[in-house]
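These are my notebook entries on one protein chain.

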Amino acid sequence: MAADNRQAAQQALAPLRQQIDSLDSQLVALLAERAKVTAQVGQIKQQFALPVYVPEREQALLSARREQAAALGVSADLTEDVLRRIMRESYATQESHFVCCREGGGKVVVVGGAGALGSRFVSLFQRSGYQVQILEQTDWPEAAQLCAEAVLVLLAVPITQTAELIAKLPRLADDCVLADITSIKAQPLAAMLQQHAGPVVGLHPMFGPDISNLVKQVVVVCHGRSQQQYDWLLQQLTVWGAELAVKQAAEHDSAMQLIQAMRHFSSLVYGVHLADEQADLQQLLQLSSPIYRLELAMVGRLFAQNAELYADIMLSSSDVSSLLQRYQQRFSELLQLLQQQDKAGLMAQFAKGQQFFGELAGQFLQESKQLLQKAADGRS
C-alpha cells in the first residue's frame, strides 16, 4: 500500500515539477537578459563618470517591486531578498572597466602593491586606465625613478612599517598626491604631511582583500592638505562604488579602538578559550542556533587571517590596553552579579544596554534576522 501511495504521489507531482522546471528555466533566461542590460548601464555610467552604486535608485527599485509583490500576493521580503542578490551580481558585471577620473590619467605608484589589499588597488587603478607601478622591498634602490612624475603614491604596507617607509620616500612632484590605506590615521597622516609638501590624504578602506567589489564598501577619508588636488582620487573611489566617510584622524583612531582592536581581541580570547577548553567544534555547529553559528563563524574567520596583521591592529595604540582593562572590569562586575545569583542586578544592566541602544536595537533586530536566515539557508 505504501509503495502504491508513493507511486501515485510521484505521478501527481510529475507535471507540477515539470512546470517548476520550466518556470525556473525562464527565470534563468530572464537573469541572462537582465545581465545584458545592466552591463550596458555600467558602460554608460563609466562614460559619464557616474558611481556604480546609486542608493536612491536601488531603494526606489526595491520599493516599487515590494509594492508589486504585495499586490500579486507574493512575499515582499522574498522579492527584496532575490532582487538584492541579483543586484549584487549586477554591480560586479558593471566593473570590468572604469572611467579615469583624472584628466590624462598618469602614473600611480602603489608601495606594497604586491600585497593582498595593495594588489586590489593595483587592479582597480589599472582597470581605470592609469599606468601603475609597484614598489616593493627590493625596489627601494630605484624608488626615485619609480616615483618620478607620479600623480599618486599610495602606501599599502603593514602598520608597523608605514611611518618608516613614508620617511624613506624620495622627493615627490609638487602636485603628486601622497596617500595611505593604513588602519590607523593620525600617525601616518602626520608623517606624510612632514615628508611631502604637496597634496596629502589619509584613507582607510573598511574591508579586506576578499571582497568581490567596492560597492557599498566604506572608505574613511582623513583630509590632509590641498584637497582640490586629490578630489579626482575621491571621485575615483566613488566611481568604483565606495561610500566615503570623512573623519578627523584622531576621531577615526578612537572609533577604530572599538570597531577593530577591541572586537578582534575579544574574538581572539573567545577562540583561544574554545581551544583551551578542547571544545568539539563539529558538535557546536551541529547543536548551534543560527545566531550562535554566525557568531562562531565570525570568531573562526579571524583565525583564517594573517596573524601579524591582526596583532599589529590590536597593538596599534597604547589606548587599546586601557580600553580593554575597562572592559575587563565591567566583565568582572557582571560576573560577580552572576555568581551572586543577582537576577535583578543582571536585569538592571540589561536595561542600561536597552536604554543606550534605543531605537537602534529594533533596527539591529531586523538586520540580524536577515543575516540569520542566510546562515540557516547555508546549513548543511
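Entry 1, helix packing. I began with the cut-off for the angle between two axes: 65 to 115 degrees counts as roughly perpendicular. The model I examined is predicted.

I looked up helix H11 against helix H15, which spans residues 359-377. Their axes are 9 Å apart and the packing angle is about 85 degrees. I therefore recorded H11 and H15 as roughly perpendicular to each other. For the residues that meet, I listed Pro290, Ile291, Arg293 and Leu294 on the H11 side. On the H15 side I listed Leu371, Leu372, Ala375 and Ala376.

I then turned to the pairing of H11 (residues 290-302) with helix H9 (residues 249-276). The axes of H9 and H11 come within 9 Å and cross at roughly 100 degrees.

Where does Ser317 have its place? I found Ser317 in the loop between helix H12 (307-314) and helix H13 (319-339). Its relative accessibility is 24%, so I classed Ser317 as partly exposed. I also checked Ser317 against Gln257, which is 60 residues apart from Ser317 along the chain. The C-alpha atoms of the two are separated by 8.0 Å.

I located Glu80 in helix H3, which covers residues 76-93. Is Glu80 buried or exposed? With a relative accessibility of 16%, Glu80 counts as buried. Setting aside neighbours within four places in sequence, I found Glu80 in contact with Leu62 and Arg66.

I recorded 15 helices and seven strands for the protein chain. The chain has 380 residues, of which 34% are buried. Along the principal axes, its C-alpha atoms fill a box of roughly 90 × 65 × 40 Å.

For contacts with a separation of 6 or more, I noted that 68% join residues 24 or more positions apart. The accessible surface comes to about 23,100 Å², and carbon and sulfur atoms account for 55% of that area. Last, I looked up the charges: 31 are positive and 38 negative, and their mean positions are 4 Å apart.

How values were computed: Residues numbered from 1 in each chain as written. Predicted model: local features only at pLDDT ≥ 70, side-chain atom pairs only at ≥ 80, totals over all residues. Heavy atoms only, no water. Helix = DSSP H or I, 4+ residues; strand = E, 2+ residues; numbered from the N terminus. Buried < 20%, exposed > 50% of the residue type's maximum accessible area, 1.4 Å probe, protein only. Contact = heavy atoms within 4.5 Å. Areas by Shrake-Rupley, 256 points an atom, 1.4 Å probe, with all protein chains shown as cover. Lys, Arg positive; Asp, Glu negative; His and termini not counted. Charge placed at Lys NZ, Arg CZ, Asp CG, Glu CD. Axes fitted to C-alpha atoms, helices over the stretch in contact; angles between N-to-C directions. Parallel < 35°, antiparallel > 145°, perpendicular 65-115°, else oblique.
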